[in-house]
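Dear colleague,

Please find below the structure that I am handing over to you. My notes on one helix and on several charged pairs follow it.

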Amino acid sequence: MEIRAGGVTDVGRVRNVNQDSWLISDRLWAVADGMGGHRGGEVASKVTIDVLADQFDEFNAAALVEAAQQANAAVHERAAEDSELRGMGTTLCAMALVDDDEGGQYLEVINIGDSRCYRWRDGEMTQITRDHSLVEDMRAAGQITEEEAAVHPHRNIVTRALGIQAEVDVDAFVVAPEAADRYVLCSDGLFNEVTVDRIAATLRRLADPDDAASELVRQANQGGGRDNITCVVVDVVDDSGVAAVDDEFAGAVSSSQRRPADVAGITTAMSADAEPADGRGDKPVGGPAKASSAPAEAKPRLRRLTWRTFVFVVGFGAIVGVAIAAIGWYARGSYFVGVDAGQVTVFKGRPGKVMWFDPTVMEHTGIALSQVPEAYRDSLNTGRQQPSQAAADEYVDHIRSMICSDLRNGAKPSGRPATAPTTTLPPACGDLGTPAATTSTVPGRPPTTVRPPATTAAVSSNP
Ligand code: MG
């Protein structure tokens with residue numbers, strides 16, 4: 001199996017001392033994030049890495065766990081000897097290429113505390129380790145969501161660390177490697193500042209492990225750099241000789257379950273500061289009993305307005321504007337003849353209304369609906385649509401001519417009682433003295449009249 005690795009550690013932008021330590025060797029890679037005291041954190045992480053590298057000399061899974069326990073004992077003893085170092089501790093996340101009994105090889109990952117190991121495979125990130133932290137316990141218990149945990153003000157409280165007690169439990173995970181896998185070991189100074197999706201995007205972009213680690217540390221500093229940042233990238237170049245093992249992750253969280261974030265660089269999520277910028281880098285070690293007392297209070301993440309967001313907003317606004325204009329053109333680009341205030345009326349618009357576009361009255365014709373022949377009334381009540389105002393006027397003239405014709409032929413006005421003493425002629429009816437001169441008989445269309453200026457005088461006649 002061929003493996004290539006690169007890594008970077010950085011003090012960050014707020015702290016004065018880097019209490020993280022790290023290790024890259026042929027078969028062992030590790031990150032330790034120290035805590036406690038004036039010098040304690042620095043010493044604890046360094047002692048741990050030194051003992052781990054020294055004691056891991058038989059390349060099997062048990063030896064890795066044993067080496068971690070020896071590192072724990074060494075830190076614990078050192079703290080007992082030196083009052084300045086009392087209470088110091090460290091996280092440890094390590095990965096080793098180990099042998100199985102049949103001569104195959106696989107990856108063994110161990111974890112104590114809240115440093116992490118991720119696997120990037122086929123563009124997807126999977127968190128292999130589970131944090132020993134207050135917020136992870138709360139998240140696992142369903143008290144807070146993953147999004148809330150990522151910005152929780154108490155997310156720096158770990159519930160397990162090396163050096164605090166004489167013995168320590170070590171979580172161990174079996175990983176079956178494949179060629180092109182990339183593994184990231186990191187302290188919380190990375191993942192508290194850079195989202196897992198952005199880490200994935202960076203791994204996709206930068207093939208060299210040193211380049212990728214440097215870029216991730218740069219992004220963490222750009223995101224605030226509020227803690228020491230350590231990142232080790234381990235690439236599986238060739239997986240020949242891999243053992244027949246299956247992955248055994250506990251509490252693994254796939255990136256596909258996470259909040260869609262800034263893979264495309266649209267936004268950069270930044271957490272609110274969770275730790276005091278006191279230069280000490282103290283990481284409190286809490287017990288499980290504290291888990292129920294912490295409030296599940298999450299601070300909202302800030303988003304930056306980028307040019308992509310700007311283009312999206314402008315484009316969306318343009319589409320909405322065009323849609324409104326099209327609806328308006330449709331709604332207002334027509335006429336109809338209907339009824340308003342009891343008389344035949346020409347409207348601009350469409351019968352009823354189209355969305356918020358009401359039809360508008362163009363002309364009250366002065367023809368009472370009660371004068372209109374019965375056959376036309378339903379059509380007028382629902383609105384008789386016409387392609388243009390001229391066509392609407394022609395239709396009104398047609399109705400007027402029908403009324404006038406009925407009156408001249410001695411018919412009773414439609415819809416009026418036979419005993420009605422008088423009737424009122426529609427405007428302009430008096431001008432229709434010679435029907436042949438005013439009636440248009442275009443084949444295929446109803447007869448229409450050319451309407452002269454409307455008269456205002458009502459003419460009375462006895463039927
Ligand atoms: Mg840290």
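Which residues are linked with R130 in a network of salt bridges? The network joins R130 to E136, D137 and R139; a salt bridge here is a side-chain nitrogen of Lys or Arg within 4 Å of a carboxyl oxygen of Asp or Glu.

Before the details, a word on the basis of these values. This is a predicted model, in which local features need pLDDT of at least 70 and side-chain atom pairs count only at pLDDT 80 or more, while totals for chains, interfaces and linings use all residues. Residues are numbered from 1 along each chain as its sequence is written, and side-chain values use heavy atoms, with hydrogens and water left out.

Salt bridges

The structure holds 19 salt bridges. One of them pairs R130 with E136, at 3.2 Å from N to O. R130 is partly exposed, with a relative accessible area of 30%, whereas E136 counts as buried at 10%. Buried stands for under 20% relative accessible area, exposed for over 50%, and partly exposed for what lies in between (1.4 Å probe, protein chains only).

In another salt bridge, the closest N and O atoms of R121 and D181 are 2.6 Å apart. This pair links distant parts of the chain, 60 residues apart: R121 belongs to strand β7 (residues 116-121), and D181 to the loop between β9 (171-175) and β10. Both R121 and D181 are buried. Helices (H or I, at least four residues) and strands (E, at least two) are DSSP runs, numbered from the N terminus.

R226 and E193 also form a salt bridge, again with 2.6 Å between the closest N and O atoms. R226 lies in the loop between α7 and β11, and E193 in the loop between α5 and α6, 33 residues apart. Both R226 and E193 are buried.

Helix α7

Helix α7 (residues 209-222) has 14 residues and reaches 20 Å from its first C-alpha to its last, close to the expected 20 Å; the expected span is 1.5 Å times one less than the number of residues. Its buried residues include P209, A212, L216 and A220. Among the elements that cover the buried residues of α7 are β1 (2-10), α6 (196-205) and β11 (229-238), where contact means heavy atoms within 4.5 Å.

At the start of α7, a side-chain oxygen of D208 comes to within 3.0 Å of the backbone nitrogen of D210. After the helix comes G224, with a positive phi near 145°.

With kind regards

Key:
Polar contact = N/O pair within 3.5 Å; in protein donor to acceptor, adjacent residues only side chain to side chain.
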